[in-house]
Amino acid sequence: MSNTKTMKTRKTQVVIIGAGPSGLLLGQLLAKQGIENIILERVSGEYVLGRIRAGVLEQGFANLVREAGVAHNMDTKGEVHEGVEIAFNDERIKVNLKELTGGDTVVIYGQVDITRDLMEARSAAGLESVYEVSNTQPHDVTGEHPYVTYEKDGKTFKIECDYIAGCDGFHGVSRQTIPKEKRVEYEKVYPFGWLGLLSETPPVNDELIYCKSDRGFALASLRSQVLSRYYLQVPLSDTVEDWSDEAFWEELKKRLPKSAAEKLITGPSIEKSIVPLRSFICEPLQYGKLFLVGDAGHIVPPTGAKGLNLAASDVAALYEILTKVYKENNTECIAQYSEICLRRIWNGVRFSWWMTNMLHDFQTTKSAFDTRIATSEARYYLSSEAGKKVIAEQYAGLPYEKVK
Ligand code: RFL
Ligand code: PHB
């Protein structure tokens, strides 16, 4: 145990644990309001940028990036999509987000790109981020003087602060700081994973296609007109080594609707990874002066493209609250954080679960009856304008709730 008296100690207003999109976006927004913050990150910046993840940004997310003043690349290089497609084997059904929602669209711009833009803006503004730290630990979060300790290059450091934002993802230390008896965790694990492949090839379609096929689910997505992202539902026992590029493309062709498969251009993969699917929620998201933000507090299966977008709505709420705290001396609003976030999170959790349930093949883990019900449900929602509207407004994203 290190002696805190001999540690190098400094002060800031908010310590942010984690330099993923949640931490970086929050840091940039707080700095805009003149609220000092330091980011601590376990791995290197390069490692963070090697994680290929989300690609679909709701309008609320895009607006927050604009508010942070980091939207130039997103607005010039990102693609605005007015719709998505859902396919049943060879039949393709368009969900026109813009028409069905009265104007909402989504922006296709990779999580890696948004993260890089935020990192560059942070370093251009001279804001402090410390990468490759270990043993990060929040202390006294329910007391008057919280602080965070961490180690770097064999030395131990202490940062005294007013608040701690736990933006350290599902495996981070922040959630574990809340005593077990003070939190409730809800979890659902799905009996399959997604194998993702990134390739420098033109996308098979202008819009995303979510494919419910008799061979299992597939998703055709993209990052740009020269960069494609595809996913295949795979058994949890599969590993990346089980899937050569050739095997991936062959299986994808069989799961895409024929009219799309005919246009598929294949090429070498530049990244391949498998992600297990789960839903997870921790309640509450605030404990004293510690706030859980993004994947640190909740996880959804990627089927609804909601993970990063829910992280952004947490960031928006915490940004609004901390601005009120520092600009209006209003500390009462802090207690609203968890409830405001959780209402939107549970909706995102339900939507992602519902889409996952309707579009995947659960094989023997679901009864024949439940399988038919899921297919009937998907067909009903996609054959009715009202049904498509229900999908469209949730896919494009529900509005953010304001702090009172
Ligand atoms: P992250 O991105 O996990 O970042 C957390 C950071 O914290 C660091 N960390 C620590 N730092 C210091 N001390 C510690 N003790 C630490 N422990 C951890 C980690 O190194 C990391 O850098 O969480 P954040 O910022 O909350 O962002 C959440 C998003 O990454 C996530 O929700 C999305 O990627 C989910 N997701 C999608 N979301 C969407 O909105 N739309 C999509 O289209 C979408 N597609 C996806 C996805 C996630 C996927 N995978 C791989 C899980 C597709 C996939 C395949
Ligand atoms: C992606 O492009 O990585 C992506 C898009 C939509 C999803 C999930 C992932 O639902």
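1. The model contains an open sheet of six strands in the order β9-β3-β2-β13-β20-β19, with mixed pairing; two strands pair if DSSP finds at least two bridges between them, and strands (E, at least two residues) and helices (H or I, at least four) are DSSP runs numbered from the N terminus. β9 and β19 (286-287) stand at the edges, each with a single partner strand, so one side of each is left without a neighbour in the sheet.

2. This is a predicted model, in which local features need pLDDT of at least 70 and side-chain atom pairs count only at pLDDT 80 or more, while totals for chains, interfaces and linings use all residues. Residues are numbered from 1 along each chain as its sequence is written, chains are lettered from A and ligands numbered from 1 in the order in which they are written, and side-chain values use heavy atoms, with hydrogens and water left out.

3. Helix α10 (residues 307-328) packs on the sheet and touches β2, β13 (163-166) and β20 (290-292), contact meaning heavy atoms within 4.5 Å. The direction of α10 makes about 175° with that of β13, where axes are lines fitted to C-alpha atoms, for helices over the stretch in contact, and angles run from 0 to 180 degrees between N-to-C directions.

4. Strand β3 (residues 37-40) runs parallel to β2 (residues 14-17), to which four bridges join it, and V15 stands opposite I38 in β3. Two bridges join β3 to β9 (residues 129-130), again in parallel; here I39 stands opposite S129, and L40 has V130 as its bridge partner.

5. Which residues of β3 point one way, and which the other? N37 and I39 point one way and I38 and L40 the other, and all are buried, that is, under 20% relative accessible area with a 1.4 Å probe and protein chains only. In a regular strand the side chains alternate between the two faces of the sheet.

6. Of the 32 residues around ligand 1, E41, R51, Q111, D295 and L308 come nearest, a residue being near if one of its heavy atoms lies within 4 Å. A polar side-chain atom of D295 lies 2.7 Å from an oxygen atom of ligand 1, and a polar backbone atom of N309 is 3.0 Å from an oxygen atom of this ligand.

7. Around ligand 2 there are 13 residues, of which Y210, S221, R223, Y231 and P302 come nearest. A polar side-chain atom of R223 lies 2.7 Å from an oxygen atom of ligand 2.

Conventions:
Buried < 20%, exposed > 50% of the residue type's maximum accessible area, 1.4 Å probe, protein only. Polar contact = N/O pair within 3.5 Å; in protein donor to acceptor, adjacent residues only side chain to side chain.
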